[in-house]
Amino acid sequence: AALFPINLLLVLTTGGQLFTGNSATMAIGIYEKKCTVKDLIRNWSIAYIGNICGCLLIDCVARYTGMFTAGAAEMAIHTVMKKCSATFGQTVVKGIMCNWLVCMAVWLCTMAKDMTGKMVGVWFPISMFIAIGFEHSVANMFILPAGLFSGAPLTWGDILIKNLIPVTIGNAIAGAFVVGAGMSFMFGKLGKKE
């Protein structure tokens, strides 16, 4: 949990695209009339596909270099089995709670003026979602295949239906409505009286 936030910090400080963060920023763009629904769908689609490709590439590199052996393989299998054991509804809610924290980390990082502020803004919300066990679609794009490659008794269909689809739905709800609409209502056009 302590080192995981570096991933989001690297994405945000280098201009990378992360589906979960974009679920809020693009929704805010819609509410503020800065982009169209077509722009949102295009951005979310490209980010999601790019995130899948990146995670699968890292999975392949890790597998090729022998990183999923002994304890690492067992941990990946255990993690995937646990992630695929909750109900659809529980998994959606874990996705909502996770992306609420992720999008708040994105918001805090964006508002910070210096690297120290960005690091602090990212570190606590991200460490919190990891420690609690909430569900992040992009992180799961890495760990779910890693578990399969390590020998988890599941199929690609299992991980999609039991985890990735409900987590993605929850992440999108949190980004677009909980954080996106919430921030636009508090600070933007949604909260303004006509």
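**Burial, helix packing and cysteines in a predicted model**

Guide: S137 counts as buried, at 0% relative accessibility. This is a predicted model, in which local features need pLDDT of at least 70 and side-chain atom pairs count only at pLDDT 80 or more, while totals for chains, interfaces and linings use all residues. Residues are numbered from 1 along each chain as its sequence is written, and side-chain values use heavy atoms, without hydrogens and water.

Visitor: Why is S137 called buried?

Guide: Buried means under 20% relative accessible area, exposed over 50%, and partly exposed in between (1.4 Å probe, protein chains only). S137 has 0%, and therefore counts as buried. Beyond its neighbours within four places in sequence, S137 is in contact (heavy atoms within 4.5 Å) with F19, T20, Y48, L164, V167, T168 and N171.

Visitor: What makes α5 and α6 roughly antiparallel?

Guide: Helix α5 (residues 88-111) and helix α6 (residues 115-132) pack at about 175°, with axes 7 Å apart. Angles run from 0 to 180 degrees between N-to-C directions, and those over 145 count as roughly antiparallel. The pair is therefore roughly antiparallel.

Visitor: Which term applies to C60, buried or partly exposed?

Guide: C60 has a relative accessible area of 44% and is therefore partly exposed, whereas C35, at 18%, is buried.

How values were computed: Helices (H or I, at least four residues) and strands (E, at least two) are DSSP runs, numbered from the N terminus. Angles under 35 degrees count as roughly parallel, over 145 as roughly antiparallel, 65 to 115 as roughly perpendicular and the rest as oblique.
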